[in-house]
Amino acid sequence: MRSPIQIVAVLAIGAVTGLGATYWSVSSGWQPGVVQVGPWAAPGTRLGGADPYALALVARTGDVPLGAGEGILFVAVADSSGRPLSGACTYAVTGSIPAGRAWTLTLSDREHRLVPNPSNRHAVTSANVLRPVSGPATIAVASDPQPGNWLPAPADAPFELALRIYDTPIANAVSSLRPDALPAIRRLACR
Amino acid sequence: MTGRRHIILTLATGLVLGALVHVVAILAMPRLGSSSAYQRIVATSPLAATVLFDTEDGAVRPRFADPTVEMSACAFDLSRGPYKISVVTRDLVQSLAIHGEFGGVVYALSDRSAARGGIALTLMTQRQLEAAQAREEEAPAGELRVPLARPRGLIVVRAHAPFVSQREEARALVSSLSCQPQ
């Protein structure tokens, strides 16, 4: 027979570890449903209500994530070599983008907000991207103006890149994407 | 039992209980809060009203809001009856999604599902659907009947305007979202 001390101990351990794990996973934003494709991460929100950690985050932040029938969002916080993206460096985002009716590439700060810039450029899209005669398009990401496709970056501040592909069959098959299915983010030079 | 086995058993039982507590807490969290998109919208707008999103300001701002996409939403509550939802579709890439009261996408479709220049849905609870079928009411042609497990949620509509000149049209399209309680 268990003693009262044992029962109290079991309850205490249960409460502390259970609530502690909950607090930790919520405050650190731990998302087990995230799928990594090269430098790009697809959030667990793409699974709708199937990922309870993503759902808890959506409920707290009042987010309205994309459903799989609408499209898919990928976010990169580091380049293809794993180094955090910074406005002190120049990057080239190169590579083919999976088929969809449209895609947009945008830059945001670490709070997921658009960064004001003098050119008022915030997105490169499948409709206005300049493509070379052959091969995939390259988008330059830098704080100084670049020729061709250029997405302005905040000088010397960390940033994130968001790639959204709309109306695409890959939204339901993200975990089967190869790492090179999405563009590489190559760091060219840093100040 | 020896003292050490007591301790190990207590620890193991405590950890199992902890795992259960954690699972229950994570599953319950969305229902305990009041900051889901649905809750934020009904706090400031009446049910069935079409609310336009602003990508920078506003009570509801999706994380990673796309500056080329205009969005609008309406909140619904099926407790009093079904809702008829419609939105006009044209040549921009558009989509419509149904979000739950506490977050999470329930259904999502693109304007490729549109018929005759728009998307038309009737949202019903399972009970309301069975009642309509018992009355042998046929859904009008081109209208989709969507049975929902939960009565409250959001319709969210998007229109992608890659060129600034299309912004006005995108706003007009998402403003055409109509949610009518029946």
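Into which domains does the domain assignment divide chain A? In this predicted model, the assignment gives domain 1, covering residues 1-30, and domain 2, covering residues 33-190. When the centres of these two domains of chain A are taken over C-alpha atoms, a distance of 38 Å separates them. Chain B is likewise divided, with domain 1 spanning residues 1-32 and domain 2 spanning residues 37-181, and the C-alpha centres of domain 1 and domain 2 of chain B lie 42 Å apart.

As to the confidence of the prediction, the model scores an ipTM of 0.89 and a pTM of 0.91. For chain B the pLDDT averages 90, and 95% of the residues of this chain score at least 70.

The packing of helices between the chains is considered next. Two packed helices are described by the angle between their axes and the distance between the axes. The crossing in which α1(A) passes α1(B) is right-handed. Sorted by class, the residues in the contact of α1(A) with α1(B) comprise 14 nonpolar and 12 polar ones, whereas no charged residues are found there.

Helix α1 of chain B also meets α2(A), and here the axes come within 8 Å and cross at roughly 40 degrees. It follows from this angle that α2(A) is oblique to α1(B). The crossing of α2(A) and α1(B) is left-handed, whereas that of α1(A) with α1(B) is right-handed.

Charged side chains were examined as well. Side chains of opposite charge can pair when their charged atoms come close. Over all chains, the structure holds 14 salt bridges. One of the salt bridges is formed by Arg158(B) with Glu70(A), and the closest N and O atoms of this pair are 3.2 Å apart, which falls within the 4 Å that a salt bridge requires.

Key:
Residues are numbered from 1 along each chain as its sequence is written. Chains are lettered from A and ligands numbered from 1 in the order in which they are written. This is a predicted model: local features need pLDDT of at least 70, side-chain atom pairs count only at pLDDT 80 or more; totals for chains, interfaces and linings use all residues. Side-chain values use heavy atoms; hydrogens and water are left out. pLDDT is the predictor's confidence in each residue, from 0 to 100. A crossing is left-handed if the near helix is turned anticlockwise from the far one by less than a right angle, and right-handed if clockwise. Helices (H or I, at least four residues) and strands (E, at least two) are DSSP runs, numbered from the N terminus. Ala, Val, Leu, Ile, Met, Phe, Trp, Tyr, Cys and Pro count as nonpolar, Asp, Glu, Lys and Arg as charged, and the others, Gly among them, as polar. Domain bounds come from an automatic or database domain assignment. A salt bridge is a side-chain nitrogen of Lys or Arg within 4 Å of a carboxyl oxygen of Asp or Glu. Axes are lines fitted to C-alpha atoms, for helices over the stretch in contact, and angles run from 0 to 180 degrees between N-to-C directions. Angles under 35 degrees count as roughly parallel, over 145 as roughly antiparallel, 65 to 115 as roughly perpendicular and the rest as oblique.
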